[in-house]
Amino acid sequence: MSVAQTHSGERASARRLRLRRWGQHGGLLIGGALLACAIVMALCAPLLAPADPYLQELGARLKPPVWAEGGSWANPLGTDQLGRDYLSRLIYGSRISLLIGLGTVAIGGAIGITLGLLAGFFGGRVDMVISFIVTARLAMPVMLVALAVVGLVGSSLTVVILVLGLLLWDQFAIVTRTAVRQIRDLDYIAAARAVGSSTPSIILREALPNVTGPILVVVTLEMAHAILLEAALSFLGLGVQPPLPSWGLMIAEGRDYIFFTPWVIAIPGAALFLLVLGINLFGDGVRDVTAPGGR
Amino acid sequence: MARYAMQRFILALAVAVAVSIISFAILRVSTDLAQALAGEAANQEEVEQIRIAYGLDRPLYVQYFAWLGDIARGDFGESYYFREPVAGLILDRLPLTFTLAGMSLLLALIIALPLGVLAALHHNSWIDRLCLGIAVVGQAMPSFWFALMLIFVFAVTLQVVPLSGGDTWQGLILPAVVLAYYATPAIMRLTRAGMIEVLASDYIRTARAKGLSSASILVKHALRNAVMPVVALAAVKFGFLLGGSTIVETVFALDGIGYLSWESIQRADFPVVQSIVLLFSLIFVFLTFASDILNAWVDPRVRV
Amino acid sequence: MAALLDIRNLHVRIPVGFGHVHAVRGVNLSVEAGQTLCVVGESGSGKSMSALSVMNLLPPRAMRDADRILFDGVDIAQLGPRQMAELRGNRIGMVFQEPMTSLNPAYTVGNQLMEVHRRHRGSSRSAAWARAAELLELVGISNPEMRLRQYPHQLSGGLRQRVMIAMALMCEPGLLIADEPTSALDVTIQVQILRLLRDLQRRLGIAVVLITHDLGVVARVADTVAIMYAGQVVETGSARAVFASPRHPYTNGLLRSMPKPGNGRGEPLQAIPGTVPSLLETIPGCAFAERCARADEACRVGPIATTIEERHSFSCNHPADIRAREEV
């Protein structure tokens, strides 16, 4: 067998091994399934929801879910304090959580990755300045600042996404910087420079593809983080505003009924928990699978 | 060591100044304070009067330096709502919030350290998986929801703790548990990772080759090196716990700084919000500095 | 004369994935008191695993199995963890390959030396301190009082390895196991450490098991030699006999791949063709058959004849003739 053949053979089997590792990682599969469920719910909300999530039926308020006494299949998860179908609100709520997660990550990722690339590649003074900005950002209490800004600017879905995006970029910067620094001195970057590629194009073409693994992990972590923060903001009345079916808001609205109908809190909370759990498991799985040498 | 401490101190100072500028700027541009103070019904003239009365017509940097100068003299301004000095408002509520954060950090350490060590000692066993599970679940649980569930179970159904209030120490149990649960996963993961790394290290093999007892190997040689980064994290976590107090104090109706910040944000009570953000940031900067120094002091490579 | 250490039929298996790596496959070794045994082999030949087996310091999931591991008349394969700990650092000392990481960075050199003595001798702080200073002097460290107060990171690699040797000798052990003690050091330091080991061995009359992949080291210090290949001892005997007339083709190959001092320019270094077999599968015949010019079908199927002569034995169906090396 020639050398070239051996190499392509090894590469093929390495790819097969990697695929098998993705398929065998339990956490990754469970997390991926939970995440997929949420995405399907969000995309197909009009098809899946049995009723209009905003339609109030004051005659049918706080009906219990189907498994409880007095529940019926008309409202499988019961109704809220305004008589809106809880299952429908829950399904539509997944849109808000995912939107928050994706929007925040898009903004935060753009900021953080740019800063990280600059710091990692140029080093020296650029690195010092950017590291200082990251340190300063880390010193600010995210929850409190988000709460204050949203509270002062006025709360809406857009404002929440913007504020969270502008706050949650630090991990992107740190991870990108570290990864870029690690590969900066590798041979092929030097080779790219030697054949006359300009510095920015080297960064984009050579460095970026190599940091996608760690960045994907941060994407999942920060998505989870943003979703939890939005829920908390909405719960405190300073996030997404009614009548939007944010899960955090649903918990806040159900808070007064905790004594009599605890499920109005338990259900959206469980949904939040499962979504965040799914994202975290998926992220942990990606890290395990993409880490050099695996587990 | 002294040089290192000095470097860290200057960095901390610079970060503190940067944070004060950033937080001042973002909060100030977030809203038109004069409008907020005058209320929705006020006409343009009234708004302008208020703007001048509160000095809000001056350029932003002048306002910043005036504010900084006041703070340097210990004057944090006067609450728009309470008509009292902000410093007094905060000082009244500080003990409660600090007690809560301290209790929960202690609780988190009591839970996380032994579990992390156990998980590392029995790497890949059921106990390791259990700890990993606790960590994963803890990181996914919305804290306010967890708080409500605890209230439902322990205060409403079982009635073993009071429903709310910080008047008695029993009232702090549930809030502390919620905050602790929020801090536990990170501490546990770090302890576990540190222990696994240390236990696989060459000097642990040396310690075994010397015939030392298991207890001596674990306590003297392994724990000390594994726990060093955890100390740093614990200090930083205290800062996070202060930040997390907003939610917990609101849910449990505890009249601490977190609750004050939430109320003040809703009332556009700017001096209070500004001061609390600054205070929490400064505490965080100080804790980071302190943990750096502590770490350096424990590590002979930096100390000497 | 009864051997101080006598290992019979040692096996070490390390679970990986669904199978096992059979790292040590039926090894017999013995050392007499006051003698130096060199165990030689490539990395992965099982020499370090054999050494760690004696100390019962194998990696967590590795499984050790032996007919017996007699140390001073006691079968230490049967000892519990506590009794084994009594022995380690007390009657058997061990020195590792990586002096840079083998000392705990958080404690002073003195602290780490003293704790061995205090543990096994129950000595006072001052007695342990004096003993530690004495040992540092013995291993050729000047200004021991100052060194005792220093932390490992303040010492060079060579100094740290001297400290490790001192640590292993704190309780006057009868046996010192040194696992590639010089591999991580600069060449000049290597020579110093080897000379130190040889001197200490003669002055203290202790037995030394020296694990190495460097035949040059063996020639300097060994009384007896064991050549390991793929988890087995393929040839063993007095250093003189093995060097003078290597009988196993692998030993021959090793000797030929070794640069000879004096005529470095003459014949080119010869590498042994082929690669070490995977220890995941069972090897029915001779593990070296695939790389051996003399091998035939019988070698691949087994069994392999073991010849035992006075002071020399080897496992090979087609051993080289005596003095074969000169003919090559």
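## Ground rules

Helices (H or I, at least four residues) and strands (E, at least two) are DSSP runs, numbered from the N terminus. This is a predicted model: local features need pLDDT of at least 70, side-chain atom pairs count only at pLDDT 80 or more, and totals for chains, interfaces and linings use all residues. Residues are numbered from 1 along each chain as its sequence is written, while chains are lettered from A and ligands numbered from 1 in the order in which they are written.

The UniProt annotation "transmembrane region", from an unreviewed entry, covers residues 26-49, 96-122, 142-169, 215-236 and 257-282 of chain A. UniProt positions are given here in the numbering of this model, feature names are shortened, and annotations may be inferred rather than shown by experiment. Take residues 26-49 of chain A. The chain there is 92% helix and 0% strand, with its end C-alpha atoms 30 Å apart. Residues 96-122 of chain A are 100% helix and 0% strand, and their end C-alpha atoms are 38 Å apart.

Chain A also holds a cis peptide bond. It runs from P242(A) to P243(A), with omega near 5°. P243(A) sits in the loop between helix 11 (212-235) and helix 12 (247-254) of chain A. Most residues other than glycine have a negative phi, and most peptide bonds are trans.

For chain B, UniProt (unreviewed entry) places "transmembrane region" at residues 9-27, 96-118, 130-156, 168-188, 230-252 and 272-298. Residues 230-252 of chain B are 100% helix and 0% strand, and the end C-alpha atoms are 29 Å apart. Residues 272-298 of chain B are also 100% helix and 0% strand. Their end C-alpha atoms are 38 Å apart.

A253(B) has a positive phi of about 50°, although it is not a glycine. A253(B) lies in the loop between helix 10 and helix 11 of chain B.

## Chain B: two helices side by side

Helix 1 (residues 2-30) and helix 12 (residues 270-298) of chain B pack at an angle of about 160°, their axes 10 Å apart. That makes helix 1 of chain B roughly antiparallel to helix 12 of chain B. Axes are lines fitted to C-alpha atoms, for helices over the stretch in contact, and angles run from 0 to 180 degrees between N-to-C directions. Angles under 35 degrees count as roughly parallel, over 145 as roughly antiparallel, 65 to 115 as roughly perpendicular and the rest as oblique. The crossing of helix 1 of chain B with helix 12 of chain B is right-handed. A crossing is right-handed if the near helix is turned clockwise from the far one by less than a right angle, and left-handed if anticlockwise.

Which residues meet? On helix 1 of chain B they include Y4(B), R8(B), F9(B) and L27(B). On helix 12 of chain B they include V273(B), F289(B), D292(B) and A296(B). By class, this contact of helix 1 with helix 12 of chain B has 17 nonpolar, 5 polar and 2 charged residues. Here Ala, Val, Leu, Ile, Met, Phe, Trp, Tyr, Cys and Pro count as nonpolar, Asp, Glu, Lys and Arg as charged, and the others, Gly among them, as polar.

## Where the chains touch

Two residues are in contact if their C-beta atoms, placed from the backbone, lie within 7 Å. Of the 2 pairs of chains in contact, chains A and B share the most contacts. There, 37 residues of chain B are in contact with 34 residues of chain A. Helix 1 of chain B gives the largest share of the chain B side, 8 residues. That side of chain B divides into 26 nonpolar, 11 polar and no charged residues.

Chain C meets chain B: 24 residues of chain C are in contact with 17 residues of chain B. Helix 2 (81-87) and helix 3 (109-121) of chain C each give two or more residues to this side. The largest share, 4 residues, comes from helix 3 of chain C. By class, the side of chain C that touches chain B has 12 nonpolar, 7 polar and 5 charged residues. No contact joins chain A and chain C, and their closest C-alpha atoms lie 12 Å apart.

## Chain C: a sheet of strands

UniProt (unreviewed entry) places "domain: ABC transporter" at residues 5-255 of chain C. Over that stretch, chain C is 39% helix and 27% strand.

Chain C has an open sheet of 8 strands in the order 7-8-9-3-10-11-13-12, with mixed pairing. Two strands pair if DSSP finds at least two bridges between them. The edge strands are strand 7 (92-95) and strand 12 (306-309) of chain C, each pairing on one side only. Strand 7 of chain C pairs with strand 8 (residues 175-179) of chain C in the parallel sense over 4 bridges. M94(C) stands opposite I177(C) in strand 8 of chain C. Helix 6 (residues 157-169) of chain C lies across strands 7 and 8 of chain C, at about 170° to strand 7.
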